[in-house]
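Colleague: I have a model open and would like to go through it with you. Can you take my questions one at a time?

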Amino acid sequence: MATMTMLDYINQEQEALTKILNDYDFSSDLKLAKMDTVTILATGSSYNACLSAKIAFEEIADVSITIEEPYNFNHYGRLIKSTDTIIGVSQSGKSASTIDAMKKLANSEIQRIVLTSDEKSPIAQVADQVIDLNMGIETVGFVTKGFSATVLQLILLAIKVGVSKAQIDEGRLKELKQELHEIISNIQSVIDQSNDFFENHEQLLKLGGRFVAFGYGPNWGTAKEFETKFTETVRRPSQGFELEAYMHGPYLEADWEHTLFFIETPSSNQARSQALADYMSEYVGTVLKVTTEKSSDQNVLGLAVSVSEIFSPLLLIIPFQLLAYRTATAKGIDLSKRIFDDFDSVLKSKI
C-alpha cells in the first residue's frame, strides 16, 4: 500500500467534505438548545480551525465563544461563570493538554463535547458527547483534510444548535446546506488554480526568507493556519497576523526578504487590507494576495467564487495548504522523513 502524502489528503478534501455534509444529522437536540456560552479548548491546527469557524458559529447559533489554549488554561485559566458548554477539539484525540483540561472540567451542569477523528481515542473517554470528524484517520502529521473537516463540522454543529433553538427553519436549513454544497464543489477548481499560481511563483517561494500572512474576520484563522503549515513544512520563519494587529509594531521588522500574503474577501475591512498591501509593497520583497474575487493580476490568486465571508475559510485555506506542500517539495524537503522523532515521547505533548 502506497504511503499517503500531504498532497493526497488535499486532493481528498472535496470528496471528504461532501460526505460530511451529506451524512450530517441536523435533527433538534434538547441539550444543544440550551447552548449559550461556550469555551473551546484546542491547540495547533485545531485551534486555527476553531478560530476560522468562530464567527460563523456565533452568528448562526447565537452563542458567545471563547477559545483557549488548553495547557495555559489548565494552569492559569478560568471559566466564564455562565459557561454551559465545553468543546474540546483534537483531531488525533491524543492531545495531552486538551484531555487534561476536559478531565478537570467535569461538571454535571456543563455539557462536554469533543470533536475527534478517532472515537476510541483518549479524549473520547472524557466527554458527554463525541462528534466524529467523519474524515478517517489522517496519517500525515501536517494536517490538511482534518483542518477543513474541523471547520465544516463546527459550522454544521452551529447550524444544528440553530435548529435546536428553533432559529433555523426548514427553508433556511435548505439554503445553508445548498450554500455549503456549492462552496465544497469549488475545491478542486481552487486546487487547480493554486497549482498554476505556484508554478508562476515557484522561484520566489523557493527562495523566500520569511513569509507573513494577514487575514481579517474568519480569515484570521486562515492566516494562523498558514503560519502553522508553512512553519511545519517550508521550515522558514513564517507568521500569520490579524490584519490590524500587524500595524501595531510587527511591521517594523519588514525588509526585502519578506513575502507577504494578503487574504481578502469582500468586506468593510477589505479597503484596510488593500491600503496596507499598497504601503508595504515598497518595503518588502513581494506582496501576494489570495482573494475570493476575480483578478487578472499575476500576483493575485483570484478564485472568482461567490461565498459568504463567514464560510470563506473553507476555500481560502486550500491555496496555503497546496503552496506549503509544493514550496517544501521545491526546496527539496522530504516531508515523509520524520524529524524530532522523540519529541512527543520526551515532552509528552501527546498520549
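Predicted model: local features only at pLDDT ≥ 70, side-chain atom pairs only at ≥ 80, totals over all residues.

Colleague: Start with the inside. Which residues of the largest nonpolar core touch the most other members?

Modeller: Phe57, Ile159, Leu180 and Phe311 do, in a core of 86 residues. A nonpolar core here is a set of buried Ala, Val, Leu, Ile, Met, Phe, Trp, Tyr and Cys residues joined through side-chain atoms within 4.5 Å. Buried means under 20% relative accessible area, exposed means over 50%, and partly exposed is in between, using a 1.4 Å probe and protein chains only.

Colleague: Which helix gives the largest share of this core?

Modeller: Helix H6, residues 145-164, with 12 residues. Helices (H or I, at least four residues) and strands (E, at least two) are DSSP runs, numbered from the N terminus.

Colleague: And what is Leu180 in contact with?

Modeller: Leaving aside neighbours within four places in sequence, Leu180 is in contact with Leu21, Leu152, Ile155, Leu156, Ile159, Phe311 and Leu314. Contact means heavy atoms within 4.5 Å. There is also a second, separate core of 15 residues, and Val212, Tyr216, Leu243 and Met247 are among them.

Colleague: Now the sheets. In what order do the five strands of the open sheet come?

Modeller: The order is S7-S6-S8-S9-S10, with parallel pairing. Two strands pair if DSSP finds at least two bridges between them.

Colleague: Which strands stand at the edges?

Modeller: S7 (238-242) and S10 (300-302); each has a single partner strand, so one side of each is left without a neighbour in the sheet. On average, neighbouring strands of this sheet are turned by 15° against each other, direction ignored.

Colleague: How many bridges join S6 to S7?

Modeller: Five bridges join S6, residues 210-215, to S7.

Colleague: Is H10 largely enclosed or largely open?

Modeller: Largely enclosed by the rest of the structure, because 11 of its 15 residues are buried. Thr222 lies in H10 and counts as buried at 0% relative accessibility. Beyond neighbours within four places in sequence, Thr222 is in contact with Ser52, Ile263, Pro313, Leu316, Ile317 and Phe320.

Colleague: What comes after H10?

Modeller: Arg235 follows H10, and its phi is positive, near 60°.

Colleague: Different topic. How many residues of S4 are buried?

Modeller: Six of its six residues, 111-116, are buried. Gln111, Ile113 and Leu115 point one way from S4, and Arg112, Val114 and Thr116 point the other way. In a regular strand the side chains alternate between the two faces of the sheet.

Colleague: Which strands does S4 pair with?

Modeller: S4 pairs in the parallel sense with S3 (residues 85-89) over five bridges, and with S5 (residues 129-132) over four bridges. Val89 stands opposite Leu115, and Val114 stands opposite Val130 in S5.

Colleague: Last one: where is Val126, and is it buried or exposed?

Modeller: Val126 lies in the loop between S4 and S5, and is buried, with a relative accessible area of 9%. Not counting residues up to four places away in sequence, Val126 touches Ile99, Met102, Lys103 and Arg112.

Conventions:
Residues numbered from 1 in each chain as written. Heavy atoms only, no water. Axes fitted to C-alpha atoms, helices over the stretch in contact; angles between N-to-C directions.
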